[in-house]
Amino acid sequence: MTLRRTMLCALLLAVPALCARTAAAQDPVLPASIIFATSTGYWEDDGTTPAVQRAPSASQTATPAAAPAKPRHGYYKLFAVRQADRTAKIYLQQIEQGDDGPAIASTVELQELNDLKPYVTDIRPENSSGMLKEPGLFAMIYLKTDPDVESETWTVVIDEFGEVTVGKASN
């Protein structure tokens, strides 16, 4: 009788944990609308530098963030989100490497590219061998402004001072 109660009690305690694992396994890790993403580059600051910022678009609102008191560092993430009309919106994030793991420090929309209503065909970093030793970012975005034409190459560059430049690649 005691063994039966113990087994029943153990089963009742295990069922919620098993159900929770099953539900978590069914949840998507990455939303289906993310069609391309790359993490590359490197940034660091003394904790008083504002996050990467761009002029907000009509759909964005600027929210002031409190500056942390300790030095920060991390990498950049560049990604495209597919829209209902098959075009994409492109975003740039600063990812902070903290003691508790990576955290998003900032997210900005790359309006120069999004104004083109692009069909993104690829996003690639300049260097796929790992984190760079020098601050900055260089990535290429392959996009079409018409689904029936060849892709154009655009670059996203962040210099060592955090200045973001977006432009059509010149080959």
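## Exercise 1: A residue and its contacts

Find the residues that L113 touches, not counting those up to four places away in sequence.

Step 1. Contact means heavy atoms within 4.5 Å. By that rule, L113 touches I90, P118, I141, L143, W154, V156 and V166.

Step 2. A word on the ground rules: this is a predicted model, where local features need pLDDT of at least 70 and side-chain atom pairs count only at pLDDT 80 or more, while totals for chains, interfaces and linings use all residues. Residues are numbered from 1 along each chain as its sequence is written, and side-chain values use heavy atoms, with hydrogens and water left out.

Step 3. Now place L113: it's in helix α2, residues 111–114. Helices (H or I, at least four residues) and strands (E, at least two) are DSSP runs, numbered from the N terminus.

Step 4. Is L113 buried or exposed? Buried means under 20% relative accessible area, exposed over 50%, and partly exposed in between (1.4 Å probe, protein chains only). L113 has 0% relative accessibility, so it counts as buried.

## Exercise 2: The core

Work out which residues have the most contacts inside the largest nonpolar core.

Step 1. Start with the term: a nonpolar core is a set of buried Ala, Val, Leu, Ile, Met, Phe, Trp, Tyr and Cys residues joined through side-chain atoms within 4.5 Å.

Step 2. The largest one here has 21 residues, and L78, I90, L92, L110, L113, I141 and V156 have the most contacts inside it.

Step 3. Next, the strands: β2, β3, β5 (119–125), β6 (137–144), β7 (152–158) and β8 (164–168) each supply at least two residues of this core. β6 gives the most, with 4 residues.

Step 4. Zoom in on I90: leaving aside neighbours within four places in sequence, its contacts include L78, L110, L113 and I141.

## Exercise 3: The open sheet

Trace the order of the strands in the open sheet.

Step 1. Two strands pair if DSSP finds at least two bridges between them. The 4 strands line up as β1-β2-β3-β4, with antiparallel pairing.

Step 2. Look at the edges: β1 (34–45) and β4 (101–109) each have a single partner strand, so one side of each has no neighbour in the sheet.

Step 3. Count the bridges: 9 join β2 (residues 72–82) to β3 (residues 88–98), and 8 join β3 to β4.

Step 4. Check some partners: L78 is bridged to L92 in β3, and Q93 stands opposite T107 in β4. β3 and β4 make a hairpin with 2 residues between them.

## Exercise 4: Rings and a loop

Decide how the rings of F79 and Y91 are arranged.

Step 1. Rings of Phe, Tyr and Trp (its six-membered ring) pair if their centres lie within 6.5 Å; planes under 30 degrees apart count as stacked, over 60 as edge-to-face and the rest as tilted. That rule gives 1 aromatic pair.

Step 2. The ring centres of F79 and Y91 are 5.6 Å apart and the planes are at 25°, so the pair is stacked.

Step 3. F79 sits in strand β2 and Y91 in strand β3, 12 residues apart.

Step 4. Finish in the loop between β2 and β3, where you'll find R86. R86 isn't a glycine, but its phi is positive, about 80°. With a relative accessible area of 48%, R86 is partly exposed.
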